[in-house]
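Subject: Structure handover

Hi,

Here is the structure I promised to pass on.

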Amino acid sequence: MKYSVLTSLRHKGKVLQVDVEREMVTLLGGNGDVIGSLSWDVVIDQVLAYRKVPVQKEVRVEPRISLTFRVRYNTPEGQQFESRAGGIGGGGLFIESHSPLPVGTKLAMEFSLPQKPDHWLPAKGTIAWVCPKADQYTFSPGMGVRFTEVEERVRDQIHEVVKATQVTSQAA
């Protein structure tokens with residue numbers, strides 16, 4: 001299929017040729033010569049690169065803090081990992097990982113807070129979001145885990161640590 005460019009002042013007279021079978025777009029000059037071709041993947045990537053992404057509203061209900069502590073976790077397939085967590089709140093935690101698991105992965109985990117490094121607290125969660133590489137918001141790549149099952153005593157301990165850390169940082 002060929003589409004003539006009629007209204008663009010900069011490109012009037014050129015022709016876009018769409019090849020559905022090869023999933024290619026070719027730009028032809030006014031005299032029919034091939035200027036260049038792009039695959040649909042490249043065209044789609046360009047459109048996505050220029051779109052305006054809506055700013056996401058904060059969805060956390062519970063306060064959280066940056067805090068480094070150890071975490072061990074297992075996937076439903078039985079893979080076991082040990083890592084460092086970089087933050088926690090009553091709703092979940094952030095696990096640092098250079099190979100984050102996909103969003104939606106369910107985890108059984110246990111973590112030890114700095115006040116009691118040998119006391120492991122159990123929880124279950126689902127990966128809610130992934131940071132595949134370090135960015136301006138996090139210092140490390142990793143994954144945000146939303147708690148799906150956590151005992152009330154464990155949640156209470158998390159709340160105590162969050163509150164104590166917030167009070168300490170406000171006093172400084």
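**What turned up**

At 43% relative accessibility, Glu-23 counts as partly exposed. Keep in mind that this is a predicted model. Glu-23 sits in the loop between strand E2 (15–19) and E3, and its phi is near 55 degrees, a positive value in a residue other than glycine. Most residues other than glycine have a negative phi, hence the flag.

Now the overall layout. The protein chain has 2 helices and 10 strands, and from the N terminus on the order is β-β-β-β-α-β-β-β-β-β-β-α. Of its 172 residues, 30% count as buried.

**Strands E8 to E10**

Strand E9 (residues 121–131) pairs with E8 in the antiparallel sense, over 6 bridges. Within that pairing, Lys-106 stands opposite Thr-126 in E9. E9 also pairs with E10, again in the antiparallel sense, this time over 7 bridges. There, Gly-125 has Phe-147 in E10 as its bridge partner.

Ile-127 has its place in strand E9 as well. Is Ile-127 buried or exposed? At 1% relative accessibility it counts as buried, since the cut-off for buried is under 20%.

**Rings**

How many aromatic pairs does a search of the whole structure find? The count is 4. One of them joins Phe-111 and Phe-147: the ring centres are 6.2 Å apart and the planes are at 20 degrees, so the pair is stacked. The cut-off behind that call is planes under 30 degrees apart. This pair links distant parts of the chain, with Phe-111 in strand E8 (residues 106–112) and Phe-147 in strand E10 (residues 142–149), 36 residues apart.

Both partners are out of the solvent by the accessibility numbers: Phe-111 is buried, with a relative accessible area of 0%, and Phe-147 counts as buried at 8% relative accessibility. Ring pairs also bring in Phe-69, which forms a cluster with Phe-111 and Phe-147.

There is a charge-over-ring contact too. The charged end of Arg-72 sits over the ring of Trp-120, at 3.5 Å from the ring centre.

**The second largest pocket**

This one holds about 160 Å³ of space. Its lining is made up of Leu-16, Val-25, Thr-26, Leu-27, Ile-35, Gly-36, Ser-37, Leu-38 and Val-43. Two elements give two or more residues to that lining, strand E3 (24–28) and strand E4 (34–39). Which of the elements supplies the largest share of the lining? That is E4, with 4 residues.

By residue class, the lining of the second largest pocket divides into 6 nonpolar and 3 polar residues, with no charged ones.

**To recap**

For a first pass in the viewer, you could begin with the stacked pair of Phe-111 and Phe-147, then go on to Arg-72 over the ring of Trp-120, and finish with the pocket lined by residues including Leu-16 and Val-43.

Cheers

Note on methods
Residues numbered from 1 in each chain as written. Predicted model: local features only at pLDDT ≥ 70, side-chain atom pairs only at ≥ 80, totals over all residues. Heavy atoms only, no water. Phe/Tyr/Trp six-rings, centres within 6.5 Å; stacked < 30°, edge-to-face > 60°. Buried < 20%, exposed > 50% of the residue type's maximum accessible area, 1.4 Å probe, protein only. Lys NZ or Arg CZ within 6 Å of the ring centre and 35° of its normal. Pairing = 2+ DSSP bridges. 1 Å grid on protein atoms, 1.4 Å probe; cavity = no way out; pocket = protein on both sides within 12 Å on 5 of 7 lines; lining within 4 Å. Points joined across faces, edges and corners; volume = space filled by probe spheres on them. Nonpolar A, V, L, I, M, F, W, Y, C, P; charged D, E, K, R; others polar.
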